[in-house]
Amino acid sequence: MYDEQDYLMISGIQHFLFYRRQWALIHIEQQWQENVLTLEGQYLHEKADQPTIREKRKDRLIVRALPIHSPTLGITGICDVVEFVQDPNGVPLNGETGAYLPVPVEYKHGKPKQELSDILQLTAQAVCLEEMLVCEVPKGYLYYHETKRREEIEITPALREELQKNVAEMHQYWTRRYTPKVKTGNFCKKCSLQNICLPKLMNVQTVKGYLDRRLCE
C-alpha cells in the first residue's frame, strides 16, 4: 500500500513505455514542452473530459472526467469516460436504481499502436475502478480519433501482470529520482522534449562537458 504523496500519474505510463527518459524528464524533473501531437491530444481530451456532463442512456450511466486511484499500485489519474452498465453482478450507485458494472473508455489521438502503452493505461484505469468500487472490470475501450472507432480491450491476467511490473519500475525510478541516460532512436522525432533532452548533443559529450563549454563561451 502506497501513501497518497507517492502516487504516480496513470498518464505517465504512456510516457514510460514510449521512452523511460521522457517519463523521468516530465515526472521527476518536471520538464515539459508542447508540440503538435501533444496539443492535438489535449484538444481531444478537453472534449471528452467534461465533469459537469452526466448522461443516462437506457441501461447505462455515462460519467466523464472521473478521478480514480489505486493504493496497492500507488497510481492516480482521471478516466476520460466511464460507462456504468446495468448488470446483476454489478454494484449499486448513489442515486441510481439497480446494479452497474463500470467500463472505462480512454480517448486517444491517432490510431492503435503496436506497443502496449495505451492498453496498459486502460488496464490501470480498470484496476483502480475495481479497487474503488469492489467489483470486477473485465473490459474497457480505447477510442482513436484517427479511426473514429472503439477498440474493445479485455483486461487479462497477463495485462495486469505487465502493468504491475512497469508501475513497480516507475516507483523505483521515482524513489531514486533516477533519470536514464540518452539513447537515441526514431522515437526521438516524435518526442516533444527534443530541445530539453538534446539527444544528438548528449551522444557526443557529457552534460558536464556541455555545461563547461557553454560557460567558457
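**Close-ups of a predicted model**

**View 1. Cys79, a buried cysteine.** Cys79 has a relative accessibility of 0%, so it counts as buried (buried means under 20% relative accessible area, exposed over 50% and partly exposed in between, with a 1.4 Å probe and protein chains only). This is a predicted model, where local features need pLDDT of at least 70, side-chain atom pairs count only at pLDDT 80 or more, and totals for chains, interfaces and linings use all residues. Residues are numbered from 1 along each chain as its sequence is written, and side-chain values use heavy atoms, leaving out hydrogens and water. A disulfide is a covalent bond between the sulfur atoms of two cysteines. Taking a disulfide as a pair of cysteine sulfur atoms within 2.5 Å, the count comes to zero. Cys79 is in no disulfide, and the nearest cysteine sulfur, that of Cys128, sits 7.4 Å away. Cys135 counts as buried too, because its relative accessibility is 12%.

**View 2. Helix H2 against helix H5.** Helices here are DSSP runs of H or I with at least four residues, strands are runs of E with at least two, and both are numbered from the N terminus. The axes of H2 (residues 20–27) and H5 (residues 157–176) come within 11 Å and cross at roughly 50°; axes are lines fitted to C-alpha atoms, for helices over the stretch in contact, with angles from 0 to 180 degrees between N-to-C directions. The two helices are therefore oblique to each other (under 35 degrees is roughly parallel, over 145 roughly antiparallel, 65 to 115 roughly perpendicular, and the rest oblique). On the H2 side, Arg20, Trp23 and His27 meet Asn166, Glu169, Met170, Tyr173 and Trp174 of H5, contact meaning heavy atoms within 4.5 Å. Seven of the eight residues of H2 are buried, so the helix is largely enclosed by the rest of the structure. Among those buried are Trp23 and His27.

View 3. Ile78 lies in strand E4 (residues 75–92). Leaving aside neighbours within four places in sequence, Ile78 touches Ala65, Leu66, Pro67, Ile68 and Gln125. Ser11 is 67 residues from Ile78 in sequence, yet their C-alpha atoms are 8.6 Å apart.

**View 4. Two positive phi angles.** Most residues other than glycine have a negative phi. Ala65, in strand E3 (residues 60–70), has a positive phi of about 50°, and Ala65 is buried, with a relative accessible area of 14%. Val134, in the loop between helix H4 (117–133) and strand E6 (139–144), has a positive phi of about 55°. Val134 counts as exposed, at 71% relative accessibility.
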